[in-house]
Amino acid sequence: MVAVAVVDDDAEARERLRGFSARFASEQGIDVDVSMLPSAIELLHHYRPEYDIIFLDIEMDDVDGVRAAQVIRETDASTILIFVTNMAQLAIKGYEVEALDFIVKPIDYYSFAMVMRKALQRMERRRRHAIRLATRGAVQVIPLDHIDYVEVRDHYITYHTADGDIRVKGSLSDAETQLDNGNFMRCNRWYLVNVDNITGISGNLITVGTGAIEVSRSKKQEILHAITRSMGGAL
């Protein structure tokens, strides 16, 4: 499912983008859920990082698209922003908020489909090499190779990363699902370890990042083999 928000004070433009989204979804064989918002104020009111892609009209009353994008970026670094504008020269503002692209009104389907394909490619790259963690109303995109190990206690997951610890609700199974594209393994009932980041193993202790984790007897041989494969058989 791709969650899309269309934010535009022009009802005709909103309907056009909704129709294009339905056509694109049908052609690509994907599910696209479109939310229609008539103002940036409505988008920003109790904003939550729930959209994969946001189409933002630049020229809106009260709060324009550029200002709305700046507010979004204060708590959401990963949502893909695409500006919609009557004047292409206004889209230069997109660089300030890391917008993916812009499309010019009146919007044609070819331009829409091209920018949607570009957005989906970015989403796929992020899904392969990073995870998104929602914490206290903000979203952090964490590259998989920055995660040293994952710890689960009392229904909370702590991601121990090179940039600090991040704690969210969940189970070890939830973490395994999110980290499926990385080289992570269980080393006991509470921990997942990034095999690529292991710096040492002695007895029943694994050294990874700044931490030392106990590995269960049943998992030790399996992890040693994984380390060997990770090093190209050079252990």
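Colleague: Where is the place of Val168?

Modeller: In this predicted model, the place of Val168 is in strand S10, residues 164-169.

Colleague: Why is Val168 called buried?

Modeller: Its relative accessibility is 11%. Buried means under 20%, so Val168 counts as buried.

Colleague: What is Val168 in contact with, leaving aside its neighbours within four places in sequence?

Modeller: Val168 is in contact with Leu133, Ala134, Thr135, Tyr156, Ile157 and Tyr159. Tyr109 stands 59 residues from Val168 in sequence and 40 Å from it in space, C-alpha to C-alpha.

Colleague: How do you know that Ser21 is buried?

Modeller: The relative accessibility of Ser21 is 1%. Ser21 lies in helix H1, residues 11-28. Beyond four places in sequence, Ser21 is in contact with Val32, Val34 and Phe112.

Colleague: What does the side chain of Ser21 reach?

Modeller: The side chain of Ser21 reaches the backbone oxygen of Leu17, at 2.8 Å.

Colleague: Where is Asp8 found, and why is Asp8 called buried?

Modeller: Asp8 is found in the loop between strand S1 (2-7) and H1. The relative accessible area of Asp8 is 1%; buried means under 20%, so Asp8 is buried.

Colleague: What makes the pair of Asp8 and Lys105 a polar contact?

Modeller: The side chains of Asp8 and Lys105 come to 2.9 Å. A polar contact needs N or O atoms within 3.5 Å, one able to donate a hydrogen and the other to accept it, so this pair qualifies as a polar contact. Not counting residues up to four places away in sequence, Asp8 touches Ala13, Arg14, Leu37, Pro38, Asp57, Met60, Val84 and Lys105.

Colleague: Why is the pair of Lys105 and Asp57 called a salt bridge?

Modeller: The closest N and O atoms of Lys105 and Asp57 are 3.6 Å apart. The rule asks for a side-chain nitrogen of Lys or Arg within 4 Å of a carboxyl oxygen of Asp or Glu, so the pair is a salt bridge. This pair links distant parts of the chain: Lys105 is in the loop between strand S5 (101-104) and helix H4 (109-129), Asp57 is in strand S3 (residues 53-57), and the two are 48 residues apart. Both Lys105 and Asp57 are buried.

Colleague: What makes Glu50 and Arg48 a salt bridge, and are these residues buried or partly exposed?

Modeller: The side chains of Glu50 and Arg48 meet at 3.3 Å, N to O. The limit is 4 Å, so they form a salt bridge. Glu50 has a relative accessible area of 40%, and Arg48 has a relative accessibility of 48%. Partly exposed lies between the buried cut-off of under 20% and the exposed cut-off of over 50%, so Glu50 is partly exposed and Arg48 is partly exposed.

Colleague: Which residues do salt bridges that share partners join into one network, and how many salt bridges does the count come to?

Modeller: Shared partners join Asp8, Asp57 and Lys105 into one network. The count comes to ten salt bridges.

Colleague: What makes S13 and S15 edge strands?

Modeller: Three strands form an open antiparallel sheet in the order S13-S14-S15. Strand S13 (198-202) and strand S15 (211-214) each pair on one side only, and these are the edge strands. The twist averages 25° from one strand to the next.

Colleague: How do you know that S13 and S14 pair?

Modeller: Pairing requires at least two bridges. S13 and strand S14 (residues 205-208) have four, in the antiparallel sense, so they pair. As for Gly200, its bridge partner in S14 is Thr207.

Colleague: Why does Ile198 count as buried?

Modeller: Ile198, which lies in strand S13, has a relative accessibility of 15%. That is under 20%, so Ile198 counts as buried. Ile198 and Val208 are ten residues apart in sequence and 4.5 Å apart in space, C-alpha to C-alpha. Beyond four places in sequence, Ile198 touches Val193, Ile206, Thr207, Val208, Ile223 and Ile227.

Technical notes:
Residues numbered from 1 in each chain as written. Predicted model: local features only at pLDDT ≥ 70, side-chain atom pairs only at ≥ 80, totals over all residues. Heavy atoms only, no water. Buried < 20%, exposed > 50% of the residue type's maximum accessible area, 1.4 Å probe, protein only. Contact = heavy atoms within 4.5 Å. Axes fitted to C-alpha atoms, helices over the stretch in contact; angles between N-to-C directions.
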